[in-house]
Amino acid sequence: MPLPEPDEEFLRDKGYQWELQSAGNEQLLIFHNYALPTGKYTLEVVDLLVKIPAGYPTTNPDMFFLAQNVLKVDGTIPQSVTQTSINSGTWNQWSRHYPPNTWRAGIDGLESYMLVVRKDLEKGI
């Protein structure tokens, strides 16, 4: 199932390298070569995965996942990061959640979700 047109337009406009995979009743949106904020982590570029839940865009995505092991620049593991298996691959789950009761069904989409992801990554914690 394709993403809603506004989401695909956002991905194209930003120039992301992305692919969509199926996984049961949800979709996996993988951003290839996603640039991390400068000076916050030991890697500059990663593969980032967002699970698109059944019911999206009424239901918001939750958490994000990185394919690579990423450390903070001081060499420590970012808070609330654990490994998990997704589609036979190992991903690092960043337990960062969309602010409760702020998802606006019919208004919010990938653009607003990725802003939250970026803000969380920029915190460097």
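Author: Happy to! One term before we start: two strands pair if DSSP finds at least two bridges between them. Please also keep in mind that this is a predicted model.

Reader: Nice, found them. And how many bridges join S5 to S6?

Author: That pair has 6 bridges, and S5 and S6 run antiparallel. Here Gln 83 is the residue opposite Asn 92 in S6. The two strands make a hairpin with 2 residues between them, and Asn 87 in the turn has a positive phi of about 50°.

Reader: Zooming out a bit, in what order do the strands of the open sheet come?

Author: The order is S1-S2-S3-S4-S6-S5, so 6 strands make up an open sheet with antiparallel pairing. At the edges you'll find strand S1 (17-23) and strand S5 (81-86), each of which pairs on one side only. On average, neighbouring strands are turned by 35° against each other, ignoring direction.

Reader: I clicked on Glu 19. Which strand is that in?

Author: Glu 19 belongs to strand S1. Its relative accessible area is 29%, so Glu 19 counts as partly exposed.

Reader: And which residues is Glu 19 in contact with, leaving aside its neighbours in sequence?

Author: Once you set aside everything within four places in sequence, Glu 19 is in contact with Leu 28, Leu 29, Ile 30 and His 32. His 32 is 13 residues from Glu 19 along the chain, and their C-alpha atoms are separated by 8.0 Å.

Reader: Okay, helices now. At what angle do the axes of H1 and H2 cross?

Author: The axes cross at roughly 50° and come within 9 Å of each other. That angle is why H1 is described as oblique to H2. Where they meet, Asp 7, Phe 10 and Leu 11 on the H1 side touch Leu 110, Glu 111 and Met 114 on the H2 side.

Reader: What about the inside? Which residues of the largest nonpolar core touch the most other members?

Author: Those are Phe 31, Tyr 34, Leu 48, Leu 110, Met 114 and Leu 121, in a core of 25 residues. At least two residues each come from H1, S2, S3, strand S4 (64-66) and helix H2 (110-123). H2 gives the most, with 6 residues. There is also a second, separate core of 7 residues, with Ala 23, Leu 28, Ile 30 and Phe 65 among them.

Reader: Last topic, charges. How many salt bridges does the structure hold?

Author: There are 6. In one of them, Lys 51 and Glu 26 meet with N and O 3.8 Å apart. This pair links distant parts of the chain, 25 residues apart: Lys 51 is in strand S3 (residues 45-52) and Glu 26 in strand S2 (residues 26-35). Lys 51 is partly exposed at 23% relative accessible area, and Glu 26 is partly exposed at 22%.

Reader: And Asp 108, is that one buried or exposed?

Author: Asp 108 is buried, at 5% relative accessibility. The side chain of Asp 108 forms a salt bridge with Arg 104, at 2.7 Å from N to O, and Arg 104 is partly exposed at 45%.

Reader: Which residues do salt bridges with shared partners join into one network?

Author: Glu 5, Glu 8 and Arg 12. Within that group, the closest N and O atoms of Arg 12 and Glu 8 are 4.0 Å apart. The two are 4 residues apart in helix H1 (residues 5-14), so about one helical turn separates them. Arg 12 is partly exposed at 48% relative accessibility, while Glu 8 is buried at 18%.

Conventions:
Residues numbered from 1 in each chain as written. Predicted model: local features only at pLDDT ≥ 70, side-chain atom pairs only at ≥ 80, totals over all residues. Heavy atoms only, no water. Buried < 20%, exposed > 50% of the residue type's maximum accessible area, 1.4 Å probe, protein only. Core = buried A, V, L, I, M, F, W, Y, C linked by side-chain atoms within 4.5 Å. Axes fitted to C-alpha atoms, helices over the stretch in contact; angles between N-to-C directions. Parallel < 35°, antiparallel > 145°, perpendicular 65-115°, else oblique. Contact = heavy atoms within 4.5 Å.
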